[in-house]
Amino acid sequence: MRVYVLLSILFFCCLGYSQETPKQTDVKEPRHSYAKLDFSVPIKANQYAGEIDPYTGESEYWFLPDGINARFGFGVKPVDWIGIGANLGIDWKGSKCLVVAPVFGSLKICPRGGMDLRYFVEAGFGRSFALGKDKLAGYFKKISLGIEEPDNGGIGLYIELCQYGFSKITDEKIGSFCLGLTYNFK
């Protein structure tokens with residue numbers, strides 16, 4: 001009888017002991033780096049805007065596309081609403097028969113405008129190099145205004161003014177006004 005009591009006490013004590021695993025919290029540390037991809041279309045004024053085409057009877061558009069721009073950038077965000085980055089890209093200006101490779105640094109300020117929206121202003125300064133043209137280079141300057149999603153993988157829309165810092169034939173500097181899309185990888 002003593003053996004049964006001892007075995008039952010031993011059995012219940014063994015069942016009472018278990019290894020408890022601590023709860024794992026899925027708290028992710030905020031990443032302070034980002035990467036982005038920008039696509040934009042330079043816009044130029046149509047010199048025949050408002051005129052009626054005699055063949056189709058339609059009026060001409062006010063603005064026409066003037067090429068395409070593609071840029072990639074990466075950087076750090078010391079706080080959630082400020083970013084400092086390095087960018088490079090390739091810009092094609094159709095009316096000037098010009099392909100430019102800008103390499104520039106940028107400062108992005110993007111305060112939150114609501115739960116699902118951020119406004120941003122991005123300024124950039126660097127160098128631009130014309131591809132296929134001898135010694136055609138200059139200072140690259142840009143400023144962008146836009147809106148974007150604050151979540152991971154946020155997409156955004158922006159308008160941009162940029163100047164390439166050199167001229168091709170005349171003394172006026174080549175620049176563009178662009179409409180674009182941006183995608184942020186976090």
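Predicted model: local features only at pLDDT ≥ 70, side-chain atom pairs only at ≥ 80, totals over all residues.
I will start with a pair of side chains, those of D91 and R71, which are joined by a polar contact of 2.6 Å, where a polar contact is a pair of N or O atoms within 3.5 Å, and within protein one must be able to donate a hydrogen and the other to accept it, with residues adjacent in sequence counting only if both atoms are side-chain atoms. Residues are numbered from 1 along each chain as its sequence is written, and side-chain values use heavy atoms, with hydrogens and water left out.

Back to D91, whose side chain also makes a polar contact of 2.9 Å with that of Y164. D91 lies in strand β4, residues 82-93, strands being DSSP runs of E of at least two residues, numbered from the N terminus. Because its relative accessibility is 0%, D91 counts as buried, the cut-offs being under 20% relative accessible area for buried, over 50% for exposed and partly exposed in between, with a 1.4 Å probe and protein chains only. Beyond residues up to four places away in sequence, D91 touches, among others, L98, V100, F140 and Y164, where contact means heavy atoms within 4.5 Å.

F104, in strand β5, is buried, with a relative accessible area of 5%, and its C-alpha atom is separated by 8.6 Å from that of G85, 19 residues apart along the chain.

Finally, what does a search of the whole structure find by way of cavities of 30 Å³ or more? It finds one, and about 40 Å³ of space lies in this largest cavity. On a 1 Å grid over the protein atoms alone, a cavity is a set of points where a 1.4 Å probe fits but cannot get out, and lining residues have an atom within 4 Å of a point. The lining consists of K36, D38, K108, F120, E122, K142, S144, Y158 and T182, and the elements giving two or more residues to it are β1 (33-45), β7 (117-130) and β8 (137-148).

Terms used
Helix = DSSP H or I, 4+ residues; strand = E, 2+ residues; numbered from the N terminus. 1 Å grid on protein atoms, 1.4 Å probe; cavity = no way out; pocket = protein on both sides within 12 Å on 5 of 7 lines; lining within 4 Å. Points joined across faces, edges and corners; volume = space filled by probe spheres on them.
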